Amino acid sequence: TQGKLYYRGYGLDDLVEPLLRERRFGFEEIAYLLLSGNLPDREELEAFKELLNENMPLDHRTIVHIIDLEGSNIMNILARCVLEMYTFDPNPDDISRDNLMRQAIELIAKFPTIIAYAYNIYRHSEKGRSLHIRHPKENMSIAENFLYMMKHEDYTELDARVLDLLLIIQAEHGGGNNSTFTVRVTSSTCTDTYSSIAAGIGSLKGPLHGGANIKVVKMFHHLKSQISDWKNIDEIDTYLNRMLNKEAYDKSGLIYGIGHAVYTMSDPRAVELKKLAGELAKEKGREEEYEFLKLIEQEGIKCVSAKRRTRKPICANLDFYSGFIYEMIGLPDEIYTPIFAMARIVGWMAHRIEELNFEGRRIIRPAYKNVLDSKEYIPIDER
């Protein structure tokens with residue numbers, strides 16, 4: 001069967017379709033659903049949006065801290081800023097549901113601002129560009145505000161709507177993914193929210209998790225330069241097989257973005273992103289590249305299946321199209337993984353709230369089996 005992703009019992013496609021039809025931003029609505037378990041009515045949604053908007057500005061000390069860091073790794077800066085929020089919180093160690101919900105709202109609201117400020121300062125210090133610190137505006141969605149803080153007015157309505165939907169698609173993926181499991185494991189110890197979320201950020205930073213979309217983009221640029229005819233199936237297959245045989249590109253034997261640990265027939269997130277990428281490519285005049293990327297997906301699946309000699313279905317994953325979308329919006333690759341964190345903070349906090357409010361909760365202790373034989377101790381003079 002085709003892959004399905006559910007948020008609190010609702011199919012992802014059932015949540016996304018009305019937003020597309022009604023042409024409205026929905027990340028805030030999905031955040032409300034994931035945190036509370038219920039879809040908000042109009043009044044509840046407006047109140048929630050106002051809360052998020054009120055909490056988007058950063059404490060002046062955090063802004064100064066980001067300026068002082070001037071780092072190129074935005075994920076590290078994000079983690080440090082999260083840990084710093086502990087010192088500004090009047091009740092940082094309170095794990096009651098109400099306090100966790102307050103902390104969730106503050107974190108969801110502040111992540112876009114931290115990421116935008118950190119990148120703009122990096123852009124200034126490392127690339128010699130003008131320094132722009134734009135404060136978030138009222139009555140704008142998180143997606144719009146993020147693009148405004150990053151790019152001023154240099155973005156289209158479609159850019160903002162696609163980013164909004166990308167945030168929705170990346171907001172949650174169950175407790176089995178590495179970063180969410182990290183948040184649940186640390187939360188089970190009853191540590192504070194900021195320590196737990198910083199741990200999740202550290203997990204997501206890894207190239208095998210949140211950093212995978214950058215690998216796809218770099219691979220795509222390489223393929224564009226190495227394959228002369230982007231419509232020639234034989235040429236595409238030949239080069240992809242060389243990659244799988246560790247003879248080309250980075251010689252890892254991988255086609256990045258192809259395959260998923262859970263999904264086989266299809267990754268529902270990739271299905272939605274593929275549609276969005278097509279719309280955006282049309283607006284940006286990059287349809288030829290989009291068609292080439294679709295061919296790489298099609299032939300990549302075929303080549304990987306043949307290499308593994310398996311009849312088990314293989315599909316493209318979330319990362320296959322997300323990086324191309326970010327690139328078309330005009331966002332730099334330094335913030336691809338931070339944007340993933342900006343979306344996934346919703347899922348992390350939903351899982352933390354669930355973990356700490358579960359009646360029979362206990363610390364999570366993975367079981368390990370020692371495979372070594374017993375050894376006799378040897379005195380130091382006899383070694």
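1. Cysteine 190 has a relative accessibility of 35% and therefore counts as partly exposed. Cysteine 315, at 4% relative accessibility, is classed as buried.

2. How many disulfides does a search of the whole structure find? The search returns 0. A disulfide is a covalent bond between the sulfur atoms of two cysteines. For cysteine 315, the closest cysteine sulfur belongs to cysteine 303 and lies 16 Å away, which is too far for a bond. The cut-off applied to such a pair is 2.5 Å.

3. The protein has an average pLDDT of 92, and 97% of the residues score at least 70. Helix α2 (residues 27-36) has the highest confidence, at 98, whereas helix α13 (residues 268-284) has the lowest, at a mean of 87. Where pLDDT is low, the predicted coordinates should not be read in detail.

4. The protein contains 16 helices and 2 strands. Its C-alpha trace extends over about 75 × 65 × 50 Å along the principal axes. A compact globule of 383 residues would have a radius of gyration near 21 Å, and the 22 Å found for the protein agrees with this. Of the contacts with a separation of 6 or more, 74% join residues 24 or more positions apart.

5. Regarding burial, 53% of the 383 residues are buried. The protein exposes about 18,800 Å², of which carbon and sulfur atoms supply 48%.

6. The largest nonpolar core comprises 118 residues, and the members touching the most others are Tyr7, Phe111, Phe146 and Ile197. Helix α6 (residues 97-127) gives the most to this core, contributing 15 residues. Which residues does isoleucine 197 contact, leaving aside its neighbours within four places in sequence? They are Val82, Leu107, Phe111, Val183, Ile345, Trp348 and Met349.

7. Most residues other than glycine have a negative phi. Asparagine 139, although not a glycine, has a positive phi of about 60 degrees. Asparagine 139 is located in the loop between α6 and α7 (142-151), and its relative accessibility of 77% means that it counts as exposed.

8. Lysine 246 is likewise not a glycine and has a positive phi of about 60 degrees. The loop between α12 (233-244) and α13 holds lysine 246. Lysine 246 counts as exposed because its relative accessibility is 53%, the threshold being over 50%.

Note on methods: Residues numbered from 1 in each chain as written. Predicted model: local features only at pLDDT ≥ 70, side-chain atom pairs only at ≥ 80, totals over all residues. Heavy atoms only, no water. Buried < 20%, exposed > 50% of the residue type's maximum accessible area, 1.4 Å probe, protein only. Core = buried A, V, L, I, M, F, W, Y, C linked by side-chain atoms within 4.5 Å. Helix = DSSP H or I, 4+ residues; strand = E, 2+ residues; numbered from the N terminus. Contact = heavy atoms within 4.5 Å. Rg over C-alpha atoms; globule rule 2.2 N^0.38 Å. Areas by Shrake-Rupley, 256 points an atom, 1.4 Å probe, with all protein chains shown as cover. pLDDT = per-residue confidence, 0-100.
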